[in-house]
Amino acid sequence: MENAEFILYIGAYPGHSGKPMQTIGRQVALRAAAGKLKFVVVDPVMAGGAITPIGNSGKWIPIKPTTDSAFAMGMIHWMVDNNRINTDYLSSPNFAAAKSKGFNSWTNAAHLVIMDPEHPNYRKVLRAEDLGLPVPSAPEPDPKAAAPTPPPDYFVVMDKATGKPMIYDQSNEGDLIFKGEVTDAGGKVIKVQTAFMILKDSVFQKDLADYSKICGVPEETIIEIAREFTSHGTKAAVDGMGNTAASTGFDASMAQYVLSALIGSMNKRGGNITRRNSYKSIAAGPRYDLAGIPDKPKAAGLSISRAGVPYEKTTEFKNHKAKGENPYPSKLPWHPVGGGSDNQTVFSVVNGYPYQAKILMFWMSNPLITTPAAAHQEVLEALKNVERVPLIIGIDAFMGESTAVADYIIPDTTPYESWALANSEGNCSGKVLTLRWPVVEPMTAKISENRYACFENFCIDIAKSLGLPGFGDNAIKGADQKLYPLNNPEDLFLRGAANAAYDGKPVPDISASEMKLQDLETATAAWKKALNAEEYPKTLYLMARGGRFEDAEGFEGDNSKYPYKGCTNIYVEKMATAKNSITGKNFSGTLVYNEEGFADGTLLKDKYPVNEWPFKGVSYKAKFRSVSMLANTLLRDLNKTNAIEINPLDAAELNLKNGDKVKLIAATGGEAAGTLLVRQGVSRGTVAVAFGYGHWEYGSKAYQVDGKKNGGDSSIASGVLLSGISLTDPTVKGVFGFSEMSTGGPSRNGGAFRIEKA
């Protein structure tokens, strides 16, 4: 943000969302006020933030929820039509070729993809072995490696200079628009086309007018934004956040990085850069190995979330195939792309699939509030059923909704009472590591001298009682090959801080005057034994500053010093070869516009017609309410409740007015009562609800601990919780939240709702 000339926010809001929210808002506001930055926020809800009536630097563009990819494809349609894409960059088929032209990343836009349905590698990117091209000799395997290194992929491009197929890293420029045939060593013809042409064909299936109608953004506005976006070279960027939490979330995510790739701004000053660039801390660092555990057991089995695992690799699929049965549909959806998913874990646990969760632990999370549809009664009853989940342990500083169903509750500490080592998000270009350390005595139970109940001590004590490796007196390997203890949180975090202090050029020792000024000798006396005499003054240097912050910015010229060097995929082979585990159909490998649909492919609008269910829900962040701020009564008093917010034209059609008592009703069951707020800052067909309200625990109910009453402030329960009535998927047997099928992302936005007068 310190270098961009134009930023397109799609579902993100400077000054109202993001990490860190305040810093992002300040950076954008200052640069915009100075005339150095223009930005556009495309979002169904106008939330304020850095957008003000003063000046022309920032604009809010209302959009229909879940149609972000249609908006982006409208932009791309105009960009391609008007030669506003960076073909020099896109035709560079490898990192070296792109670097030679002044870029700092690369794409597979010029790579060839097999388009012949009869070919065994149909939908895959063409490789040298498909054509019989000679490949370099494989390097000798590393005998010390834990697992053998897989052989590299030798993708193929149509080399622009020779007009012949060539291994991608041997070509300096690929033919970006090739669409035709190549011949393998046996003389067989293979139909191929470039990843870029697959993207173009997908985009040009509809006209700009079609995309405008879908997303509700006027054609001239789409063109205006596309023109501005492509008028700043590589000093333009795209950002998104909450918009990806929808049944069309993958499309929204892909749209953001494809737009950035089309102008070559990846890893460039003012473009999109990598985030969380940090110093080594809880890692295999220069002082301590905090990544490895000697003699640790090997992890095995499938993730219970069903995310990041193709259904075709499961026992269920293989058993069906062995019996000669159609393996589709699976019992619950499997999501082949992506990683661990807390929202899908909830539905796996309550359905007992793919296996039973015998012990469920909540820590720093409240999934019954945050996971769409998790507050449905069927979910709550399943969690309370000991035959479904025998043991639940909640580790929490508050009596949250999820903690309240636990069999055992471990009191946890709050930020001022605890340790943490965290990195920064992408608003900072250089390396950053923040260090938090306890500044007040914890209010939790005192276990022994300087030891208090908290998550870390609970884990340490349980592990020691079970005899697990990596805990106790001989747990952490130092650079001197000696083993050091892990008996307390500071044993981990201070050694992590020591790693950061010595990463690269070591930081200086803290000065005596600084020690005295902050009285660090007294403040840290209880933890001094965790480090040796050499490490202690350097680690205190970090503690005094709240972390380690790179002196210089994270650029060399116009290039990020910490670039993502992997390929930016215009065509995602992993996605294109993966299948929906319910229908057995392949996902698209390129950017597409998908309407909201259920797991079996049924479109939402076909199941729940728009004339009966005219609203899509959007959950946005409230200014004065979040999970961590609930204990702040001043902030609660500033905004005691939320509202059910709609556009004035929608209100007029329903004969409703501002302040009416209404019911928000979900198509798959569930309703919430609230007060109607009619305002221009909500797009047509949208019902907006601020997050953080509608609690049924978190101190809203009274409860007892050791005979002492706690909580009982009913004002905490005020307002509407949209995720509490979010849609379930009626095409899946069992309780299953409406989700994005390839990744398992939750559908927090979208759905089908109606509003009635209460």
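This is a predicted model: local features need pLDDT of at least 70, side-chain atom pairs count only at pLDDT 80 or more; totals for chains, interfaces and linings use all residues.

Student: What makes α2 and α6 roughly perpendicular to each other?

Tutor: The axes of α2 and α6, the latter covering residues 195–203, come within 10 Å and cross at roughly 115 degrees. Angles of 65 to 115 degrees count as roughly perpendicular, and α2 and α6 are therefore described in that way.

Student: Which residues make the contact between α2 and α6?

Tutor: On the α2 side they are M73, I76, H77 and V80, and on the α6 side F196, K200, S202 and V203. By class, this contact of α2 with α6 has 5 nonpolar, 2 polar and 1 charged residues.

Student: Why are α2 and α9 called roughly parallel?

Tutor: Helix α9 spans residues 249–262, and α2 packs with α9 at an angle of about 25 degrees, with their axes 8 Å apart. Since angles under 35 degrees count as roughly parallel, α2 and α9 are therefore given that description. The crossing of α2 with α9 is left-handed.

Student: Which residues of α2 and α9 make that contact?

Tutor: Helix α2 contributes D68, S69, A72, M75, I76 and M79, while α9 contributes D251, A252, A255, V258, L259 and L262. The residues of the contact of α2 with α9 divide into 9 nonpolar, 1 polar and 2 charged.

Student: How do you know that α2 is roughly antiparallel to α7?

Tutor: Helix α2 (residues 68–81) and helix α7 (residues 208–215) pack at an angle of about 155 degrees, with their axes 8 Å apart. Angles over 145 degrees count as roughly antiparallel, which means that α2 is roughly antiparallel to α7. This crossing of α2 and α7 is left-handed, and the contact is made by A70, F71, M73, G74 and H77 of α2 together with L208, Y211, I214 and C215 of α7.

Student: What classes do the residues of the contact of α2 with α7 divide into?

Tutor: They divide into 7 nonpolar, 2 polar and no charged residues; Gly is counted among the polar residues, and G74 of α2 is part of this contact.

Student: Turning to the backbone, what makes the peptide bond from Y328 to P329 worth a remark?

Tutor: The peptide bond from Y328 to P329 is cis, with omega near 5 degrees, and P329 lies in the loop between α10 (315–322) and α11 (342–351). A cis peptide bond also joins Y353 and P354, where omega is about 10 degrees, and P354 is found in the loop between α11 and β12 (359–363). The background is that most peptide bonds are trans.

Student: What is the phi of N655, and where does N655 lie?

Tutor: N655 has a positive phi of about 60 degrees although it is not a glycine, and N655 lies in the loop between α22 (648–653) and β27 (661–666). For comparison, most residues other than glycine have a negative phi.

Student: Which element gives the largest share of the lining of the second largest pocket?

Tutor: That pocket holds about 880 Å³ of space, and of the 24 residues that line it, the closest to its centre are A397, F398, P411, Y703 and N710. The largest share of the lining, 3 residues, comes from β31. By class, the lining of the second largest pocket has 13 nonpolar, 6 polar and 5 charged residues.

Key: Residues are numbered from 1 along each chain as its sequence is written. Side-chain values use heavy atoms; hydrogens and water are left out. Axes are lines fitted to C-alpha atoms, for helices over the stretch in contact, and angles run from 0 to 180 degrees between N-to-C directions. Helices (H or I, at least four residues) and strands (E, at least two) are DSSP runs, numbered from the N terminus. A crossing is left-handed if the near helix is turned anticlockwise from the far one by less than a right angle, and right-handed if clockwise. Contact means heavy atoms within 4.5 Å. On a 1 Å grid over the protein atoms alone, a cavity is a set of points where a 1.4 Å probe fits but cannot get out, and a pocket is an open set with protein on both sides within 12 Å along at least five of seven lines; lining residues have an atom within 4 Å of a point. Grid points are joined across faces, edges and corners, and a volume is the space filled by probe spheres set on the points.
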